[in-house]
Amino acid sequence: MSNYTIKGETGEWEVVIGLEVHAQVTSNAKLFSGAATAFGAEPNTQVSLVDAAMPGMLPVPNRECIRQAVRTGMAIEAEINKWSRFDRKNYFYADLPQGYQISQLYHPLVGEGSLTIAADEKAGIPTDKVIGIERIHVEQDAGKLMHDQHPTMSYVDLNRSGVALMEIVSRPDMRSPAEAGAYVRKLRSILRYVGSCDGNMEEGSMRADVNVSVRKPGDEFGTRTETKNVNSVRFVMAVIEGEAKRQVGLIESGGTVVQETRLYDPDRNETRSMRSKEDAHDYRYFPDPDLLPLELDDAFLDECRASLPELPDAKRARYLSEGISAYNADVLTAEVEAARWFDALLEAGAKPVAAANWVTSELFGALNRMGRDISDSPVSPAQAAELLGLVADGTISGTIAKQVFEKMLETGDGAAAIVDREGLKQTSDTGAIEAEIAKVLAANADKVEQYKGGKEALFGFFVGQTMKAMQGKANPQVVNELLKKALG
Amino acid sequence: MTELTNLTVAEIRDGHRAGDFSAVEVAEAFNANVAGAKALNAFIVETPEHAIAAAKQADADRAAGTLKPLSGVPIGMKDLFATNGVQTTAASHMLEGFVPRYESTVSQKLWDAGCGMLGKLNLDQFAMGSSNETSHFGNVISPWKRNDGSNAALAPGGSSGGSSSAIAARLCPAATGTDTGGSIRQPAAFTGISGIKPTYGRCSRWGIVAFASSLDQAGPMARDVRDCAIMLENMAGFDPKDATSLDMPVPNWEAALSSDLKGKTVGIPKEYRLEGIDPEIDAMWDAGIAMLKDAGAAVVEISLPHTKYALPTYYIIAPAEASSNLARYDGVRYGLRDLPQGAGLQDMYAATRADGFGPEVKRRIMIGTYVLSAGFYDAYYTQAQKVRTLIARDFEAAFASCDVILAPTAPSAAFGLGEKMADPLAMYLNDVFAVPASLAGLPAMSVPAALNREGLPLGLQIIGKAFDEQGVLNAGLAIEERAGFTARAEKWW
């Protein structure tokens with residue numbers, strides 16, 4: 001159970017959250033027309049006759065969009081409805097050329113499913129939690145109004161008109177902003193693994209409608225409000241926090257929450273009312289008579305299933321079974337690019353635990369410094385595997401490996417080549433090491449006394465001095481053994 | 001030589017092929033008739049140059065030995081089909097001046113087959129009407145007159161009234177029509193010509209201004225059954241741009257025409273015997289039954305028990321779809337825009353739609369909006385869909401014991417303009433026999449069968465099984481051969 005509550009004057013309030021996430025389907029063409037879908041094109045350059053709703057134009061479903069939605073449904077272990085249908089949602093707006101949006105109200109493509117958010121003590125999520133997903137349906141996006149082009153007129157850009165969206169509707173299963181944030185991040189991660197949505201919230205390819213209500217623990221659900229089109233995880237969390245507090249304040253001061261649609265203003269970090277239930281549209285949904293019901297056969301579903309990659313939860317379980325720490329497994333599986341890179345590293349022969357430690361500390365650190373994504377890492381998985389191999393077989397020490405990695409980043413050369421060229425191979429030559437140990441012990445006779453008197457912590461100091469004298473190239477294990485012998 | 005404008009499509013095609021006349025001569029003759037028939041108001045736009053260009057091509061193709069199936073045949077195009085570069089209005093003020101930059105699939109097929117276009121034919125506004133009186137461009141007038149000397153202007157039927165009037169008056173040998181609830185069959189019956197609505201999905205709806213998507217179906221109108229078969233062959237076919245298009249081969253209907261009905265059974269639906277109907281309609285129907293028997297068919301009585309619900313069902317489903325289909329006419333992107341001084345978006349919608357749609361269109365948008373609205377949807381729309389299924393099942397059951405169904409096309413002959421405009425319900429009743437086949441998506445055609453005592457044509461309707469246009473055409477041919485309908489309107493225009 002989440003321990004998140006709002007402390008009001010009359011006691012503690014529980015927050016109930018449901019999310020409707022709109023995810024733009026990754027596809028070269030729109031849901032019902034052949035027009036392109038690239039982001040950032042000149043206004044009205046990606047508009048077909050169908051998208052502009054010219055007289056007599058008809059929609060034809062794009063198989064690829066349906067396929068992506070089905071694969072997404074499979075990734076959240078949802079029921080796939082082999083028979084679904086498109087409905088028209090009727091309303092007038094200048095960015096909606098047909099005067100209706102083609103959506104799926106009565107018979108969605110994807111039914112009941114779920115995803116699991118991982119335990120996160122610090123965020124107040126004590127255990128893994130399953131969040132129910134009610135449905136995923138497929139629908140058209142609208143165009144975009146531009147109000148800054150003319151002093152008295154608004155312009156319309158129809159590039160986005162007709163682009164396929166998946167609306168992913170959760171159950172009201174979340175109880176804190178942190179859970180909602182984790183849900184959105186996990187959903188985004190799954191979508192990106194599947195490749196059905198790029199998850200780019202800044203470009204609007206993923207946005208959430210946030211449903212919030214409050215209640216005293218154990219009571220029935222309260223009246224909810226819906227805040228539309230929230231486009232970052234941070235904003236989703238901010239909306240929930242602000243909206244829950246507003247509702248508690250309202251109820252405790254004798255008011256009632258009205259079911260309404262609200263808008264979030266990120267600049268002022270507050271929501272305001274857009275329209276109440278009373279003046280909500282009557283959308284007059286009815287089955288689109290231009291389209292036949294969508295019927296999926298087993299071969300299609302099999303192909304969808306076969307094309308799914310290993311998903312984050314399965315990958316994480318595999319990493320854990322290979323001895324990788326829970327923290328590292330989380331970090332490595334969160335983003336599909338990192339996970340793919342890491343898997344390539346394992347395939348190139350790197351040992352899982354050492355590889356995980358190296359990627360999460362050394363590689364991520366370096367990429368961070370360079371301001372680069374893992375997808376354009378200057379070091380390839382094969383090159384990294386070579387470096388880690390040199391550590392594993394004792395050719396170089398972990399300390400020297402850091403230097404070698406820096407050189408690799410600078411020069412692009414291979415690890416073995418750098419080690420050879422710079423003479424960084426570590427030595428297990430006992431004679432040379434013993435000679436240096438003798439020098440170190442002689443120079444630190446007082447410390448040797450203290451050590452022998454019981455201050456065993458000084459052992460590390462002798463190791464450090466010896467390694468320094470050996471310019472880091474001594475095999476640490478050999479140094480340890482010889483030191484122990486020398487110190488009696 | 002016979003007057004070229006009296007020739008049928010088959011005669012023009014064959015005569016042109018044989019070198020009896022040039023296609024340009026044919027086009028010029030029809031262009032002249034069109035130009036001389038302004039009084040009928042059958043055309044919204046005349047395109048003589050299009051007809052001539054196609055005719056020149058046809059003559060060149062003949063010389064080169066590359067004739068196409070309809071080379072040299074000029075036709076009329078109902079102004080519901082988008083025609084590239086030629087104004088397409090659906091007879092509305094909303095689309096007055098709208099010139100598409102695309103061509104409907106059906107019209108493109110006809111041009112590809114060698115046809116030329118004489119013009120865009122008038123119709124009821126957005127195909128909503130049974131008399132052509134709802135056109136923004138004035139009503140079409142039928143070439144027919146009653147024989148009582150009254151000289152009253154008569155309705156050519158609707159919504160394809162421009163098509164029916166123009167064919168009956170020899171302004172074109174054939175034309176396209178569309179049929180949502182009788183819009184091909186009823187005007188054909190009113191003007192003494194033939195017309196077939198094929199199985200839903202035979203002809204692509206792409207590029208046809210939509211009225212009610214689940215019902216709209218294009219089809220040909222012509223002077224006889226053979227011409228209907230020829231035209232339909234060149235209009236039908238699978239279109240990947242229409243998701244409801246039938247993915248089936250187009251049969252060679254003309255080649256398989258046969259009026260020998262031996263072994264066939266004709267069903268006579270008892271529910272179509274309406275109380276208080278004009279006895280002349282029943283008499284014509286009985287005569288039709290006799291003709292089909294004469295052609296070798298057996299006749300059985302059948303029952304279509306849900307017939308009486310067809311009209312109310314149609315007047316829920318068609319307006320519901322129309323209310324949504326016509327939402328795109330909002331003044332934002334094309335067509336009419338009324339933007340009063342200082343108006344906002346909502347004001348622009350209201351002004352544009354108030355001005356751009358006629359009263360019948362508004363009436364149907366309001367009915368459709370009402371039956372789809374929260375709280376009424378189940379009682380009206382859902383219920384109507386269930387009844388529609390029952391009506392389709394009626395036909396399926398009936399076709400277990402017969403091959404085609406014979407019925408009147410309309411409950412009366414053509415009425416006078418203005419006689420029914422004040423009473424929408426009386427107007428809607430005109431389609432009582434036509435609507436059931438539309439709801440079931442079945443092929444149905446009207447052929448002229450007799451003249452009534454006023455000297456006006458009456459039509460018989462043949463309804464067939466899904467995809468069995470051949471059975472419909474063949475029964476139509478059997479009637480055509482026996483009815484000997486040769487009457488034509490005397491020229492007064």
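**Cavities and the chain A–chain B interface**

Searching the whole structure gives 5 cavities of 30 Å³ or more; a cavity is a set of points on a 1 Å grid over the protein atoms alone where a 1.4 Å probe fits but cannot get out. This is a predicted model, in which local features need pLDDT of at least 70 and side-chain atom pairs count only at pLDDT 80 or more, while totals for chains, interfaces and linings use all residues. Residues are numbered from 1 along each chain as its sequence is written, chains are lettered from A in the order in which they are written, and side-chain values use heavy atoms, without hydrogens and water.

**Largest cavity**
- The largest cavity holds about 80 Å³ of space, the volume being that filled by probe spheres set on the grid points.
- Its lining residues (an atom within 4 Å of a point) include A:Phe32, A:Asp51, A:Asp95, A:Gln140 and A:Ser161.
- By class, this lining has 5 nonpolar, 4 polar (Gly among them) and 3 charged residues.

**Interface**
- Chain B gives 37 residues and chain A 33 residues to the contact, which means heavy atoms within 4.5 Å.
- About 2900 Å² is buried between chain B and chain A, 61% of it from carbon and sulfur atoms; buried area is the accessible area (1.4 Å probe) lost by two parts on being put together, summed over both.
- There is 1 salt bridge between the chains, defined as a side-chain nitrogen of Lys or Arg within 4 Å of a carboxyl oxygen of Asp or Glu.
- B:Arg205 and A:Asp290 form a salt bridge, with their closest N and O atoms 3.0 Å apart.

Key: On a 1 Å grid over the protein atoms alone, a cavity is a set of points where a 1.4 Å probe fits but cannot get out, and a pocket is an open set with protein on both sides within 12 Å along at least five of seven lines; lining residues have an atom within 4 Å of a point.
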